[in-house]
Structures are given as C-alpha cells and as structure tokens.
Amino acid sequence: HVSKGLVVTQLDVQPGECVKVKGKILSDAKGFSVNVGKDSSTLMLHFNPRFDCHGDVNTVVCNSKEDGTWGEEDRKADFPFQQGDKVEICISFDAAEVKVKVPEVEFEFPNRLGMEKIQYLAVEGDFKVKAIKFS
Ligand SMILES: C=CCO[C@@H]1O[C@H](CO)[C@@H](O[C@@H]2O[C@H](CO)[C@H](O)[C@H](OCc3cn(-c4n[nH]c(N)n4)nn3)[C@H]2O)[C@H](O)[C@H]1NC(C)=O
C-alpha cells in the first residue's frame, strides 16, 4: 500500500467550502492521491493522478470508496500535471458533485455517497504537501 502521507481528521467542511492543498509533485513521481470523505474506508473522492502506475500513464483516476469497497473508476480526459510541478488543488462539493479545481482545469465527480460534510483528508504518494487551507 502507498506510504502514509498527510492525514487530517475531525474536519467539518460544509458544502460550498473549499479544501485547498498546496504542494510539490516529486520529480520522479509515479502517482499521488488526494482523498476526502468520512474516514479512510469511506471516501467521497479518491483523486488519483497517475504518471505511470497500476498500468496507467498520465491518467487521472477518480473513485469513491464505501466501507472499504471501491466504486466504479472514472478516468478523466485531462491530465494537467507534470512531475516536479508545484500545484494547488481546491476541492469543494455539494449534494450532487465534488469539484476538483487545478489551474486551467476543473474535474467533476458525482457525490455518490450523498455525503453532507468532509471530515477526513489524506494526501498519499509522490506529493510533498507545503500547505493546506480551509476556506
Ligand atoms: C486491470 C486490472 C483490474 O483493474 C485495476 O484494478 C486495480 C486494483 O483495484 C486498480 O488500482 C487501484 O485503483 C484504486 C482506485 O480505484 C486505487 O487507486 C488503488 O490505489 C491503492 C490504494 C489507495 N488507497 C487508498 N487511498 N486512500 C485510502 N483511504 N485508500 N487504497 N488503495 C489502486 O490499487 C486499477 O486502477 C484498475 N485498472 C483498471 C484499468 O481498471
């Protein structure tokens, strides 16, 4: 399993609010993930840019996780990331969907679990977190 990165629990992020993660993608990154939800087993969104891992090259894979079981993967067309880049990722949600804003591109993913708040944030993989901000 990927090494443990930053984990934040006891959050209470409401619809319309934003979780901002600033950091640096490692220069030899294979992939990283930003995970938000209730806890590590119940994720509203697993946002997983893959440079070269699990058989994917330069592909953003999104998924949800319910009580430890992955949902259907959603592979995105855009891949606005480069190894070594500094990135700022903003995640917000409402009853219908989760939005992931990065410069130039906004990804959308259905709020499959109908979650009403984000209590958990975990950043995993080849990503060095510099700052997190809740607004
Ligand atoms: C073609 C063979 C069967 O399909 C493959 O099955 C793999 C195993 O499920 C898929 O990889 C997993 O995809 C998951 C998202 O759907 C995750 O990215 C998983 O990454 C490791 C991981 C992260 N996490 C995790 N992060 N945060 C939390 N709470 N858990 N748990 N396991 C990956 O190991 C992989 O994406 C999938 N590939 C395709 C093309 O479907």
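## Close-up views of the predicted model

**View A. Arg50 sits in strand β4.** Strands (E, at least two residues) are DSSP runs, as are helices (H or I, at least four residues), and both are numbered from the N terminus. The model is predicted: local features need pLDDT of at least 70, side-chain atom pairs count only at pLDDT 80 or more, and totals for chains, interfaces and linings use all residues. Residues are numbered from 1 along each chain as its sequence is written, and side-chain values use heavy atoms, with hydrogens and water left out. Arg50 counts as buried because its relative accessible area is 7%, where buried means under 20%, exposed over 50% and partly exposed in between (1.4 Å probe, protein chains only). Apart from neighbours within four places in sequence, the residues in contact with Arg50 (heavy atoms within 4.5 Å) include Lys30, Gly31, Val61, Glu73, Arg75 and Phe79.

**View B. Ser40, His46, Arg50, Asn63 and Glu73 come nearest to the ligand among the 14 residues around it.** A residue is near a molecule if one of its heavy atoms lies within 4 Å of it. A polar backbone atom of Ser40 lies 2.8 Å from a nitrogen atom of the ligand. For Asn35, a polar side-chain atom is 3.4 Å from a ligand nitrogen atom, and for Asn63 a polar side-chain atom is 2.9 Å from a ligand oxygen atom. The ligand taken alone exposes 810 Å², and the protein buries 60% of that; accessible areas come from the Shrake-Rupley method with a 1.4 Å probe. Two or more residues of the shell come from each of β4 (42-53) and β5 (56-66), and β4 gives the most, with four residues. By class, the shell holds two nonpolar, seven polar and five charged residues. Here Ala, Val, Leu, Ile, Met, Phe, Trp, Tyr, Cys and Pro count as nonpolar, Asp, Glu, Lys and Arg as charged, and the others, Gly among them, as polar.

**View C. Met44 is another residue of strand β4.** Met44 is buried, because its relative accessible area is 1%. With neighbours up to four places away in sequence set aside, its contacts include Val36, Gly37, Asn63, Ser64, Phe93, Val98, Phe109, Met115 and Ile118. Met44 and Ser92 are 48 residues apart along the chain, and their C-alpha atoms are separated by 11 Å.

**View D. Arg112 lies in the loop between β10 (105-110) and β11 (120-125).** Arg112 is partly exposed, because its relative accessibility is 36%. Its side chain forms polar contacts with the side chains of Asn63 (3.0 Å) and Ser64 (2.8 Å). Beyond four places in sequence, Arg112 is in contact with Asn63, Ser64, Gly71 and Glu72.

**View E. Glu72 lies in the loop between β6 and β7 (74-75).** At a relative accessible area of 63%, Glu72 is exposed. Not counting residues up to four places away in sequence, Glu72 touches Cys62, Asn63 and Arg112. Glu72 and Val34 are 38 residues apart in sequence, and the distance between their C-alpha atoms is 17 Å.

**View F. Gln10 has a positive phi of about 60°, and Asp67 has a positive phi of about 50°.** Most residues other than glycine have a negative phi. Gln10 belongs to the loop between β1 (6-8) and β2 (19-25) and is exposed, with a relative accessibility of 73%. Asp67 is in the loop between β5 and β6 (69-70) and is exposed as well, at 66% relative accessible area.

**Confidence, for use with every view.** The mean pLDDT of the chain is 96, and 98% of its residues reach 70 or more; pLDDT is the predictor's confidence in each residue, from 0 to 100. The model scores are ipTM 0.93 and pTM 0.96. Where pLDDT is low, predicted coordinates should not be read in detail.

Methods. A polar contact is a pair of N or O atoms within 3.5 Å; within protein, one must be able to donate a hydrogen and the other to accept it, and residues adjacent in sequence count only if both atoms are side-chain atoms.
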